[in-house]
Amino acid sequence: MEISLLREFIVLSQTLNYTKAAEMLHLAQPTLSKHIVAMEKELGCSLLERDRRRVELTEAGNVFAAAALQMVDTYDEARERVREIQTHTPLKVNGIMSDSAIASITSIAASFLDAEGEMPIVYNSINDTNYLEQLLEGEADILLTYAELEKLDDLGLAYAPLIRSPFVAMVSFDSPLASLKSVSMDDLRNYRFVKFADGYALSGWANIDRICQEHGFTPRTRAVLGRTYMNYTATPLGVEDVMILQSFMPQLRYLADFSHMSVLPVTDDDAAFRLYAIYKKDNYDRVRPALDAYARARKIILNHGKGGALVESE
């Protein structure tokens, strides 16, 4: 029997007046009467005696009213204890923590959450390519990562936008592209794309490959093993190689001082890495404070001109 029905019966047992009880419960009187009849049918006995002048509890009604009070009190106590556990159980957030914009968002959001007394957050880096399974299997409450948005709804997942970081193409000084000030995706179609094999890069590679496909070509690739986010730019490039990176990687601004590489902005509007906070729809109440804090942090970063543009919709 539903707790809401028990609460209705308790109010009626205390008022012994259908009209008054219905008003207190914000129900229509026929609806309340229907619910009481259904309860009596389920229990197999009459709970109330009713005539034109009065309503009284039967003997069974008195017994059930006392039991209903106890059941509702037990339920409310258990629900409060569960809420306390959730409040003190750290939120598990996995993602691309080495991204400078993500690091800024999470650190600013932490200040908001701490000041508001919200639950603590434990952060871990994504270390495999099956990152959505971490959400589906309960290993994470939120993922901060790239995503193919069209796949999320069928999995019961939702997302909030975090950052948009435009593509830049890194090429060697010997590349025919090096003399240009910028490039388009169409300029890159005949070049060989460097594809890193670590988990961080593979999650971003899906984004690169999708953009190439949308521009009408399948990229040729050269696999590179054993690199990390911090030393991608140390990878030797051949004359036909191109490496797609985020425009907001901080080390790119110093690259010309020590490397024989050229970094070219990619001018297409859709050529960008988009990172999202992904979560299970049925876990929204638990993750909402963190999502709100991330949204506030994004606006602060945007106002200072760092971390990419807001991704308002897709």
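A charge sits over a ring if NZ of Lys or CZ of Arg is within 6 Å of the ring centre and within 35 degrees of the ring normal. Keep that in mind for the first stop, and remember along the way that this is a predicted model.

**Stop 1: a charge over a ring**

Select tyrosine 18 and arginine 50. The charged end of Arg50 sits over the tyrosine ring, 4.1 Å from the ring centre. Now move to phenylalanine 112 and show arginine 296 with it. Arg296 lies over the face of Phe112, and here the distance to the ring centre is 4.0 Å.

**Stop 2**

Go back to Tyr18 and colour helix 2 (18-25) and helix 3 (29-43). How do these two helices pack? Helix 2 and helix 3 meet at an angle of about 100°, and their axes are 9 Å apart. That angle makes helix 2 roughly perpendicular to helix 3. To see the contact itself, show side chains on both helices: Tyr18, Thr19, Ala21, Ala22 and Leu25 come from helix 2, while Gln29, Leu32, Ser33 and Ile36 come from helix 3.

**Stop 3: the loops around helix 2**

Next, select leucine 16, in the loop between helix 1 (3-15) and helix 2. Its phi is near 50°, a positive value in a residue other than glycine. Is Leu16 buried, partly exposed or exposed? With a relative accessible area of 33%, Leu16 is partly exposed.

Then select histidine 26, which you will find in the loop between helix 2 and helix 3. Histidine 26 also has a positive phi, near 60°, and is not a glycine. Its relative accessibility is 74%, so His26 counts as exposed.

**Stop 4: an aromatic cluster**

The structure holds seven aromatic pairs. For two of them, show Tyr146, Phe167 and Phe273, which form one aromatic cluster.

Start with tyrosine 146 and phenylalanine 273. Their rings are 5.5 Å apart, centre to centre, with 45° between the planes, and the pair is tilted. Which parts of the chain does this pair tie together? Tyr146 lies in the loop between strand 5 (142-145) and strand 6 (157-172), and Phe273 lies in strand 11 (residues 272-280), so the pair joins parts that are 127 residues apart in sequence. Both Tyr146 and Phe273 are buried.

Phe167 is buried, and so is Phe273.

**Stop 5: strand 7 and its partners**

Colour strand 7 (residues 192-196) and strand 8 (residues 220-224); the two run parallel and are joined by five bridges. To find one of the links, select valine 194, whose bridge partner in strand 8 is arginine 222.

Which residue of strand 9 is the bridge partner of phenylalanine 193? The partner is valine 242.

**Last stop: a buried serine**

Finish at serine 175, in the loop between strand 6 and helix 7 (185-188). Ser175 has 5% relative accessibility and therefore counts as buried. Leaving aside neighbours within four places in sequence, Ser175 is in contact with Tyr191 and Val239.

Technical notes. Residues numbered from 1 in each chain as written. Predicted model: local features only at pLDDT ≥ 70, side-chain atom pairs only at ≥ 80, totals over all residues. Heavy atoms only, no water. Phe/Tyr/Trp six-rings, centres within 6.5 Å; stacked < 30°, edge-to-face > 60°. Helix = DSSP H or I, 4+ residues; strand = E, 2+ residues; numbered from the N terminus. Buried < 20%, exposed > 50% of the residue type's maximum accessible area, 1.4 Å probe, protein only. Pairing = 2+ DSSP bridges. Axes fitted to C-alpha atoms, helices over the stretch in contact; angles between N-to-C directions. Parallel < 35°, antiparallel > 145°, perpendicular 65-115°, else oblique. Contact = heavy atoms within 4.5 Å.
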